[in-house]
Amino acid sequence: MEKNIYTKFSNDRSEKFNIVTSITIDDDGRRHVYKKATSKKSNHHIERMKKNALQLQTLLTSTAFEVNGCSSSITGVAELDFIQGKSFEEELDEALLRDDNGICFLKLLSWYKEELYKIASREFIVSGQFEEVFLSKDFFDKENIDGTDSFFDINKKLYAAELTDIDLIFPNIIHTEKDGYIIIDYEWTFDCLIPIDFVIYRALFFYLAGERYDKVKKKLGTIDLVDYLDIPKELLSVFEKMEKSFQQYIARDNVPMWKLYNENAGMLYGIKGMAEKENSDKKKFEANLYIGECKIQTCKAMLNDGDCLMLIPVKSKNQKLVFNVGICQYRISGLFGFDINGNICTCKYRTNGNKLCDDIYVTGDCHIELYIEDIPDGLNEIFLDYKIENTSLKTIVKELESVAQLELENGE
């Protein structure tokens, strides 16, 4: 007899992709993994996954990867082995802690890329299925005269595999003592040509999300992982839109719960969220100073009549200040320094936020970037007078719509 010990509903998708994953344990202590369709409409998704397991295993014979096969004669049900080991993500994290200037970390990434390129035997071309899943007209030019192939018109050939698991992210690869590297999740496998560089980009993107980005930058210094892995920078914006298109494709005709919360409730905080909000408030008083892509130091601010006042050392004619504060509205009241005669020198800047009016901006990104440019000679330090207020994405959209409407009425 089997006892259920874990259940996860993946039901924030289109109904034809909705599944439930469960882990059970039997009387002998053996664990089993099941993926089941939640309705007849999603039976095909599970059956396709069974088929993909066999095809992927054949495709990957020349690589270091094995596939965690799935079986079951029941339509809409797949049984998989419970795999124990260390994820490739954990191996990368451990490599970051080594005192070797990131050499082991970079070698692991190079190995990952090399294994994927072993199956990239076809030159990439756009197909109908690829266009349906990855080139949504909501994100790409609807009136592209040169056709969809022009999005990938760069000075480098793009290669693809006959079959591609785009979700080959680092947590989905488990290193076992007995069987080597096992791919445990291949739900999003497609039999159309997909640039293998997109799979690498996607894995890197999800790995660097959150706090890891700063840790990796600290370890690697000026090494750019996009350059190191030879991901075409000309395609970064295309890959970003491809990911948005894919997410739209799997969620078609469904509004996930998180989106309903964002659109109707504004800023909501649970107990964990309250702690995160307190941490976010603290982040308003600090920013990282960069020259190029190299972080120089962290700058601190103090309260000054309700605003924040930050002292910034001048290390270069052009430098960048980054606040990691989440979705917010912010005002830049002043950016200035004093020359040797005590005269005020105003400094020029630009920012990644959208301007509402005067010196007030909003951003839906996870950070504020302030580019301080052409700093006047003779300044050893400058002052930033600013104020940051967290808000919701819904509020930002409404404010931007109001600005657009006002500009339209004024004929701007």
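Reader: How many helices and strands are there in the chain?
Author: The chain has 11 helices and 24 strands, where a helix is a DSSP run of H or I with at least four residues and a strand is a run of E with at least two, both numbered from the N terminus. The model is predicted, so local features need pLDDT of at least 70 and side-chain atom pairs count only at pLDDT 80 or more, whereas totals for chains, interfaces and linings use all residues. Residues are numbered from 1 along each chain as its sequence is written, and side-chain values use heavy atoms, with hydrogens and water left out.

Reader: Why is Asn101 called exposed?
Author: The relative accessible area of Asn101 is 64%, and exposed means over 50%, buried under 20% and partly exposed in between, with a 1.4 Å probe and protein chains only; Asn101 is therefore exposed. Asn101 lies in the loop between helix 2 (88-96) and helix 3, and has a positive phi of about 60 degrees although it is not a glycine.

Reader: Why does Asp230 count as partly exposed?
Author: Asp230 has a relative accessibility of 42%, and therefore counts as partly exposed by those limits. Asp230 lies in the loop between helix 7 (225-228) and helix 8 (236-250), and its phi, near 60 degrees, is again positive in a residue other than glycine.

Reader: What makes strand 4 and strand 7 edges of their sheet?
Author: Four strands form an open sheet of mixed pairing in the order 4-12-11-7, and two strands pair if DSSP finds at least two bridges between them. Strand 4 (65-67) and strand 7 (86-87) each have a single partner strand, so one side of each lacks a neighbour in the sheet. Strand 7 pairs with strand 11 (residues 173-176) in the antiparallel sense over two bridges, and Ser87 stands opposite Ile174 in strand 11.

Reader: Which strands does helix 3 touch?
Author: Helix 3 packs on the sheet, touching strand 4, strand 11 and strand 12 (180-183), where contact means heavy atoms within 4.5 Å.

Reader: At what angle do helix 3 and helix 5 pack, and what kinds of residue make the contact?
Author: Helix 3 (residues 103-117) and helix 5 (residues 196-208) pack at about 150 degrees with axes 10 Å apart, the axes being lines fitted to C-alpha atoms over the stretch in contact and the angles running from 0 to 180 degrees between N-to-C directions. Among the residues in contact are Phe105 and Tyr112 of helix 3 and Ile196 and Asp197 of helix 5. The contact residues divide into nine nonpolar, no polar and two charged, where Ala, Val, Leu, Ile, Met, Phe, Trp, Tyr, Cys and Pro count as nonpolar, Asp, Glu, Lys and Arg as charged, and the others, Gly among them, as polar.
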